[in-house]
Each structure stands twice: as C-alpha cells, then as structure tokens.
Amino acid sequence: MLKFQTVRGGLRLLGIHRSSTAPAASPNVRRLEYKPIKKVMVANRGEIAIRVFRACTELGIRTVAVYSEQDTGQMHRQKADEAYLIGRGLAPVQAYLHIPDIIKVAKENNVDAVHPGYGFLSERADFAQACQDAGVRFIGPSPEVVRKMGDKVEARAIAIAAGVPVVPGTDAPITSLHEAHEFSNTYGFPIIFKAAYGGGGRGMRVVHSYEELEESYNRAYSEALAAFGNGALFVEKFIEKPRHIEVQILGDQYGNILHLYERDCSIQRRHQKVVEIAPAAHLDPQLRTRLTSDSVKLAKQVGYENAGTVEFLVDRHGRHYFIEVNSRLQVEHTVTEEITDVDLVHAQIHVAEGRSLPDLGLRQENIRINGCAIQCRVTTEDPARSFQPDTGRIEVFRSGEGMGIRLDNASAFQGAVISPHYDSLLVKVIAHGKDHPTAATKMSRALAEFRVRGVKTNIPFLQNVLNNQQFLAGTVDTQFIDENPELFQLRPAQNRAQKLLHYLGHVMVNGPTTPIPVKASPSPTDPVVPAVPIGPPPAGFRDILLREGPEGFARAVRNHQGLLLMDTTFRDAHQSLLATRVRTHDLKKIAPYVAHNFSKLFSIENWGGATFDVAMRFLYECPWRRLQELRELIPNIPFQMLLRGANAVGYTNYPDNVVFKFCEVAKENGMDVFRVFDSLNYMPNLLLGMEAAGNAGGVVEAAISYTGDVADPNRTKYSLQYYMGLAEELVRAGTHILCIKDMAGLLKPTACTMLVSSLRDRFPDLPLHIHTHDTSGAGVAAMLACAQAGADVVDVASDSMSGMTSQPSMGALVACTRGTPLDTGVPLERVFDYSEYWEGARGLYAAFDCTATMKSGNSDVYENEIPGGQYTNLHFQAHSMGLGSKFKEVKKAYVEANQMLGDLIKVTPSSKIVGDLAQFMVQNGLSRTEAEAQAEELSFPRSVVEFLQGYIGIPHGGFPEPLRSKVELERGKTLHIKALAISDLNRAGQRQVFFELNGQLRSILVKDTQAMKEMHFHPKALKDVKGQIGAPMPGKVIDIKVAAGAKVAKGQPLCVLSAMKMETVVTSPMEGTVRKVHITTDMTLEGDDLILEIE
C-alpha cells in the first residue's frame, strides 16, 4: 500500500501540472498543432464503421473502408468512398487484427487518420503505436494511455493511485490456473475472469466453485486470445447484483477533461450489454457526482485524450468500485449523444486534429442532461435456445422508425447474409424521450414494427424486457435477466406471409407434398368410340331455343310429354368421381355420338362450377376453348352451366359488372341454360346471377339449394314452407325454369313427392328441374318419385359414370320409364354404347378415381349431409394424410361443425367452410363443446372467419351465436402474392424462389429435395435416436475433447464450438461410450449437424 501511495502522489502531481498549465497555452501554439484531417480510414467493420463514415461525410472528410474476404458483400465497404481488401487468406477475425495490412492500406492511400471503432484493434497499444510510427494519426488516446488502460492490472493501480475505489483483484495478469486457485482461496467465490486486453464480454467468465474453475479458465483464455490476440486474464472478486454504471469522458491534447454523464448498462447477458440507458434511473445525485468526479480525476491522472469510458460497479449500498477504462468509443455511445446533443465522433475527429474542447464549445458547465435515451441491441440470437447465434439469409427486413427513434446498422437489409464469423449485432435501436417511461414506450413501439425473417432475433425478448415492471421502474441490476425467467416466455411471431411463401416455394421447386394414395396407372387402352352416322345430327331442344327464345323454350319443356333428362357426364359426374380431371380431348371424341343419338335430351351440363378452375390450374386448358369446340360438335342439344350467383365460377364474390360480362361472353360462345344458385340461398346473390344470365339472353334456371328433410316434422329450419317461400321470390324475379338442387342426395322419395307436388300445384306452368347425387344409393327411386309428382327434368349420368357421389344412372331411368307416360324417348341400346365409351375413358384417369379409396355409396349421408363432390374429396384427403381409418371421425366432426355454424345449406363454398372446420376439429382433437368453449383463443380456418364476417352472404336464420361474437374477425390482412422466377441450383442444393408480395420483391431459399439426393452433406443428428449429439448452433469446431471408444460421463465436455466470437462447450447428455466422432477441428457446422454418437 505504501508503494501505491507514493505512485498515486507522483501521478497526481503530474496530472495537476498538466491541467494547470494547459489552459495557459497560447492561441499560436494551438494553431501550430492543429492539422486538419482530409481522409479517415476505419479499421473496423459493420455499423460502427458506417457511423464513423457518416460523421466524416458531415465534416467533408473522405472515407476509406477495409474488409475481409468474408465481408465482400457487406454494407460498410459500400458506404465508404474507397474500400480495400485486407487479410487475404486469413481467418475472418484475424483479417481485422492484421496490423501490417491495415497500415499498408493507410500509407498507400494517403490516409491522414485511422479510427479503430470498437472491438478488434481498438484497445491495442501496438496498433496505436504502429499508426503513429507510420505518420498516421490514431483517433483515440495516445499509445501509452491505450497500453495503460488496456492492461487491466495497470489501470487498476492507476485508479488506486488516483484515490478511486476498486474491487479486490490480482495485481497482474495471471499466468496459470494455480494462481486462480490461490486467489479463490484468499477471497472465496464467486470470482470473475476478465480479459486483460479487451472487453465486450469476451474472455469473461464467472466462477462459483472449484469444480468450474479449470473449464472457465480455459474458455476465458481461449476467447480472449481469439478476440484480442492476447489471452492474458486477471481475476477479481465478483460483486453480486450490482448496477453497472459507466461514465463517458472526453479529453483533448491540452489537458481539458470533461464528462458527459453516465449510462446504466446493468441489463446484461453473459456479461455482454443488451440494453443501455442514459442517464441511470433513480441515481442518487451525490453518487452521480462521485462517479463523474472520480472518472474525470482518473482521466486527468493518466493524461487522457479523446473519448473513453470509465466503468464502475455500484453495490446495493451505493458504494462504487472502478472496474476498467475502455479507451475507445463504446457501442452504447449513442444514448449519451441523444441526451447531451454532443456528437462524440465529431468530437473525436476534431480532437485528433488538435482542437481543444473549449474551441468546440464543450465546457462542463454547458453539458446538460436532456430527457432519457434507451438503446436496444437487436441481435441474430435465439432467446428460446439460450441465445444461440443464428445464421443465414435475411429474407425480410422492415425496421421500426418514427419520432424519437434512431437506427445504427450495417447488415440489416433484405438479402443480407449473417455469417457465424462475426458479432451477432444486427441493428442498434435508440429511443429518446422526455423521461424513462416515454423512451421505453417509443422503443417498444419501434420494436413492434420490426419484421425480420430468415434468421432468429432477440426482439421478442427485448419486448418482454421493455414491458417488465422492474425495468419500467428503473430498479434493474446485473442479475435482472437471470432473476426474471418470465422474460423468456416469448410470444411466437405469426410470420404468416413468409410461411406461405415457403410453402409455395417448396411446391414450386419440389412439387406437391401430399402423397397420392392411388398407385393405379392410367389404362393403356384408349376408349372405343361408337359408330356415328354420316350427316348432320337430328334437331333437338336447342333448335326450339334458337327459334322461340327462352320463354318459348320453357313452354316447350313444360308441354313435353314424358320425362326429360339432363346428362351431367360432361361436368358434375366427372367432378364427383374423377376430381374434374377429364380433358377436352376425351369429351370431344364422344361429342358427335351424343349429338346424333341423344337429341331428345333437355340439356348437357358441360361447363361452370369447378370445371373452369381445374381446366386452367391443372389441365392447362382454356375453358373457353372447350366450350367453343363442344358447341361445334353438338349444335342441337342445349348446353347448361352452373353459375354460383355473385361468385360466377369462382369462390368469392365478384363485382357485378364482372358477373354480367362473364354471362354475356359465355352466351356468345355457346352457353344456353344458366343454372343459378347460391350456397346459402341468399336472395341478393341469386338475383344478381339471374339478372346477369337473363340480360345475356340465356335461359334462367334459378336453383334452390336443398338440405334437411321436408318430410321430417322434427326438422323445422328448412321446412316445406321455407322452400315454397323461396320459390315464390324466384318466380316473381322472372326465372324461366325452377330447379331443386339436392347436392348431397338427401331427397327421399316421400320428400320428393311432398316438395315437387307442392311446387307443381303452386306453379302449374313452370318447368321443374331436379338435381341430386346418388351417395345413398336411392337416387333412381328419388328421381322417379319426382317425375311422378310432376317434375319435367331430372339429372342423370352415363351408367359407367353414375352412382356413388355422382348422379343416378341414365340407363336405369330410361329403362324404368320405358313404355310409361314418363318415357324419355332415349334409346336404351345407345345408352349402353355410351356407357361403354365412358368405362374405357374412366380408366385413363385411374389416379384420380374415387373408387381407389371409396368402394361404394353410403346411406350415412342422410346424417352427415356431405355433398357428393365434397364427400369424395374428403375421403381422398383422409387417405392421403394417413387418416383413412378415421374417416368416420371426420364425418362425425362434419355434423358437429355444421351444427356449430347454424346448420347451413351445404354446397360450394359453404360446404368447404363446414369441411374446413370439421378437419380443424379432428386435427386438434376438439369436440363441438370444446371448440365453442375455446372459440376466443382458437385460430379458426380463414374460410370460417370470413363466413362469420358475412363474406358469402347471410345464412337462413342468421349467424350462430355466441360463436360469431367469440371468434376474432381479423380484417385487412389480405396478401397479394405473385410467383416470379426460380433460380438455378446453388452449392447448398437450394434454389432461390422469387415472389412479389404486396408489391415488394421477396425471395426465399428452398432445398431441392431431388437434387440433394445426389449431393453430399454432413449428416444431421436425429432427435429420436438416443445417443446422437447434434450441434446446438452453427459454428466452427475449435476443440474436440473425446475420441471414439472413450468413456464419457453425463455433463462431460465433448467439444467446443465458436460462433460470433463466443465459445460454447457441448456436453454429454448421458453416460456411455463414444461410438463414432463425425467432426474434425476447424470444421464448420450448421445447427443440428451430427457431432458424435454415444452408446
């Protein structure tokens, strides 16, 4: 202690002498020492390099960047006026530590001054000296001061000499583990290792017991060596739960020293600052005075020049302890700038030019605190995985900005590649407000605006910090993160758009992922087309339509003796059985036969509905061309289409003029009869479609969608009176023909008699047309009952394309009415030939045939009420997802979903809504009761939400309550996506897929699964295989501690990984023997890459 007292006195006198004589320097002396700087090089990278470049540009100074081979694409080299490669062939970090290269670039390019930034060489005295020796100014303290402050032990001695309190610690860097043991024996645990020649959390380890001592010493030494080029460490007593307060100082060449108040850097993880605040909240004014006074005193003691930071720990009793001086600009200098309005980089450059602080208008009495500033370091670390660094390509970057927000960044842009070689800092966000709560509110708002996709970030964690009551109260210490585990209860990002793009990109590159359960191949035999007579086909009902118009056509239908048939084989039949996949080619082949032999048909349904969509999306055909070509081949029989009211042939409501124009063009290209329906029987949508079809000159066939059972007195919602009321409105609206559209096949013979006879009695002159599906197997009986009750037309399909979820058999109806007043006039023999053709044609579509998973119809349709086409699709989907055995559950859920939604009429698109909800319930194991009870928390399918919003109309009886009120109806979240291009394969087996999303270019990387089969990649650890140890994060292998055959205990170190200058020890999760080691030293790994196997 006597030695220190003597040194303190001598150094103090020197400091007093300098400070007392400097102000006396004449103006002439100052002018002689003033040397303007014209070109500055930043010996650093990333955001700090750009920060200095911007300051230089503001001062009219030319800028020079240096960059490593790995940083060729980094933004800092693009922001400088000149940029030069350094460290060719060196490791990424070593490139920025290679003093000869940096000095060479400076001298060859007439650089006046070098700014070291922070980290790397910023606190290396030999670098400051090398600059001075080369005649290049070092923007920072003198080499001697850098040396003294960089040596933590000497800095500690100087602090003691200046009368500044310090934490108990070693007098010099330790050289062995034995010395660490001796210190621990003297002062007890906990202790802390610190790098003697750098900071920023590198080379720092807290040790709580002798068992941790050796491993912590080795890791701290290794980290310090890698980060600063020197692994020297010193040891201190670790003060528990202190506040970490640092004071910003600024000095010039004339002995002037001032402070710019303090920053609170207590919120730390692994001794690395996460959030910084200026000024420190609730700091006792007397303590502030002592901290700032000691900082200035220490700076004067050493003759400090330029910017620096004096760091202290403040214990719970208000006692402060000096820990170190950072003789450089700090990462968190920004918050000091915000509250003092002093540009520290400007000041650094001016001081290096030889200007004094008073010349710059910087006097202590003029420095005032203005409000509060908070800085958050947004990093590419995953807080859910112990802050493991994440690497990869930033697919989306959108920042938070606005009043009171400052952003300092370099790598934060779309397309930037985050490598494991450097620090994980992505962007510094600085918020400034009138006080601590205001600044916190601004910061919280800014972070909420950020969108970063492609790499994980710590933003969710930072948001939790900002919402923490202890933080808002300003009472945090260095144990804040460790003592608040709720900070790690992270709210997952929805990331809807990017997930959708990844799915679309995967499908574009690798094709659909849903396996087709059908292994059947198309039939090798082409269908045989029956003989067709030479000459034009006989006249048919279309001739009447062309001659007498829609009204005359309707009269002819009503006056016709016998039952008329509509053939659905060209549309609804193959939609129900073959997923609408029949090509125009196969329709055209049989079309002439139909024209010559079935001229007595009422119509052929061959267009509309899903046909339009499937032709374009899957068959790559033009649906308009199909209509034109079939019209040429079948000129005598009316064509009929399905028009979904205001939806036309789509799945959403279109503008009125679109529907009108569509009907007009359809009529011009050969369409005759428009069956207009709405899935909810919503009259406004029906009337729109009817008016559009009528204005186009077509036959209007208004359809009432049927559900329930009019013959069951217990089913009161959809009663006979309900259907009769709808019929009245449609007839008043001017329909030419009235249709009952029974899309699920629910019409039983008794109900047919009741409904059709009532309609016939009420509307004796109106043609009645009945449509059904044969899912239950009772379709023929139902259609015969309708005909006997007064129906004019019923729908049928070719025998080989009928039954199950399709329409009833044409042959059966023809045979059953033959020789009766209902005789169809269709020759039965021709029906057989027609069926033979379609039997052959059906074989061409074996991969899409519903019979692969569905062997028969099912009478349970009377309970579940699933429409025919949807029944087929749901059955197919269940088998595709391996849920074939659970199809019964899907059907049961369909019933419950229908009741939840208020017992809907189920036809596209309402049937899809019920189906989506049913599958959602099955996938999540929800009953109706559970789904309704949890409705406020569940994320229901979009189709269900849009239904409850009224997108497709208002259902009969209104919307279901309280379900509708509970479901969050999110509006304004429409995504407009356009696929643009797919790139060639890269070395990693990926293709870049480009999209336009809401008008902005987006791209994602998608693995080409087929190409990767031919490429070699490091194996991944399988989570379900015990003993396979995977890399917990991307990184480089710097040490392997075991070999094959070695015995390992649980918790024993296996290897050491380095990523972003931080080292992580991978330990064994189990006891056993190492079977195989899959890594080598210096190997670069990705997350989950297989390290070794233990048995």
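This is a predicted model: local features need pLDDT of at least 70, side-chain atom pairs count only at pLDDT 80 or more; totals for chains, interfaces and linings use all residues.
View 1. His1078 sits in the loop that runs between β39 (1072-1077) and β40 (1084-1085). Its relative accessibility is 18%, so His1078 counts as buried, the cut-off being under 20%. The side chains of His1078 and Glu1093 are joined by a polar contact of 2.6 Å. Not counting residues up to four places away in sequence, His1078 touches His1018, Pro1019, Met1083, Leu1090, Ile1091, Leu1092 and Glu1093.

**View 2. Lys741, a position annotated in UniProt.** An unreviewed UniProt entry lists Lys741 under "modified residue: N6-carboxylysine". Lys741 belongs to strand β28 (residues 737-741). Lys741 counts as buried because its relative accessibility is 4%. With neighbours within four places in sequence left aside, the residues in contact with Lys741 are Leu642, Phe677, Ala703, Ile704, Ser705, Tyr706, His771 and Val907.

View 3. Three strands form an open sheet in the order β31-β32-β33, and their pairing is antiparallel. At the edges are β31 (977-982) and β33 (1000-1007), each of which pairs on one side only. From one strand to the next, the twist averages 30 degrees. Eight bridges link strand β32 (residues 990-997) to β33 in the antiparallel sense. Within this pairing, Gln990 is opposite Lys1007 in β33. Helix α18 (residues 496-510) packs on the sheet and touches β31, β32 and β33. The direction of helix α18 makes about 55 degrees with that of β33.

Key: Residues are numbered from 1 along each chain as its sequence is written. Side-chain values use heavy atoms; hydrogens and water are left out. Helices (H or I, at least four residues) and strands (E, at least two) are DSSP runs, numbered from the N terminus. Buried means under 20% relative accessible area, exposed over 50%, partly exposed in between (1.4 Å probe, protein chains only). A polar contact is a pair of N or O atoms within 3.5 Å; within protein, one must be able to donate a hydrogen and the other to accept it, and residues adjacent in sequence count only if both atoms are side-chain atoms. Contact means heavy atoms within 4.5 Å. UniProt positions are given in the numbering used here, feature names are shortened, and annotations may be inferred rather than shown by experiment. Two strands pair if DSSP finds at least two bridges between them. Axes are lines fitted to C-alpha atoms, for helices over the stretch in contact, and angles run from 0 to 180 degrees between N-to-C directions.
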